[in-house]
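Here is a short walk through one structure, taken a few elements at a time. Please keep the sequence and the 3D view at hand while reading.

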Amino acid sequence: MERNFTLVILFAALICALGFVPPVTLVSGVPISAQSLGVMLAGAVLGASRGALAVVVVIGLVALGLPVLAGWRGGLGVFAGPTVGFLLGWIPAAWVTGAVVSRLNTRYVGIAAGIASVIGGIGVLYLCGTIGMMIVLKKTFAEALLLSLPFIPGDLIKAVVAGWITTMIARYRPGALLSRAG
């Protein structure tokens, strides 16, 4: 119980810390932040429930007004903005990532984590984010999805990095890889 609590808080802190990494700006001017990498890792390493719980902690900190999101953002106003679907989508994204990692029957945990990150950390997250943008910006699903497309290459890189980091954890600290625990 204490170990689970510690790891959930550790991954919540990781997601927050990744918000302070300066964003990489694409040629189109679209900035890509690192926080979704933390969401992918939370699910891949902690598993579905604990990974989602780590994200809930972060969202709670945002709601309390702490500036833990990329660009030093936080507070209730974030929940009324066009990225609300992505923010709230972190919860199911981490959960699905963890669920997929735990169910993929392969000894190559990094590949499982990479695939799971694409399914949960990109597929599920973009579905939630697109729906949020549809509502807030009053766009069609296709229009909102088109606004998200420039972020996909960066998120694919993050999925590869999540797979690699998960491989390193499995190799050097296999007991910390709760998503694959019996």
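Which helices do the buried residues of H1 pack against? The model is a predicted one, and in it these residues of H1 pack against helix H2 (35–46), helix H3 (48–63) and helix H4 (84–103). The buried residues of H1 are Leu7, Val8, Phe11, Ala12, Ile15, Cys16 and Leu18. Helix H1 itself covers residues 2–18.

Next comes helix H5, which runs over residues 109–137 and holds Thr130. Is Thr130 buried or exposed? Thr130 has a relative accessible area of 0%; buried means under 20%, so this residue counts as buried. Within the chain, the side chain of Thr130 reaches the backbone oxygen of Tyr126 at 2.6 Å. Apart from neighbours within four places in sequence, Thr130 is in contact with Phe86, Phe141, Ala144, Leu145 and Ser148.

Helix H5 also contains Ile119. The relative accessible area of Ile119 is 40%. Partly exposed covers the range between the 20% limit for buried and the 50% limit for exposed, so Ile119 is partly exposed. Ile119 belongs to a nonpolar surface patch of about 380 Å², which it makes together with Tyr108, Ile111 and Ile115.

Methods: Residues numbered from 1 in each chain as written. Predicted model: local features only at pLDDT ≥ 70, side-chain atom pairs only at ≥ 80, totals over all residues. Heavy atoms only, no water. Helix = DSSP H or I, 4+ residues; strand = E, 2+ residues; numbered from the N terminus. Expected span 1.5 Å × (residues − 1). Buried < 20%, exposed > 50% of the residue type's maximum accessible area, 1.4 Å probe, protein only. Contact = heavy atoms within 4.5 Å. Polar contact = N/O pair within 3.5 Å; in protein donor to acceptor, adjacent residues only side chain to side chain. Patch = residues over 30% accessible without salt bridge, like charges linked within 9 Å, V, L, I, M, F, W, Y side chains within 5 Å. Areas by Shrake-Rupley, 256 points an atom, 1.4 Å probe, with all protein chains shown as cover. Salt bridge = Lys/Arg side-chain N within 4 Å of Asp/Glu carboxyl O.
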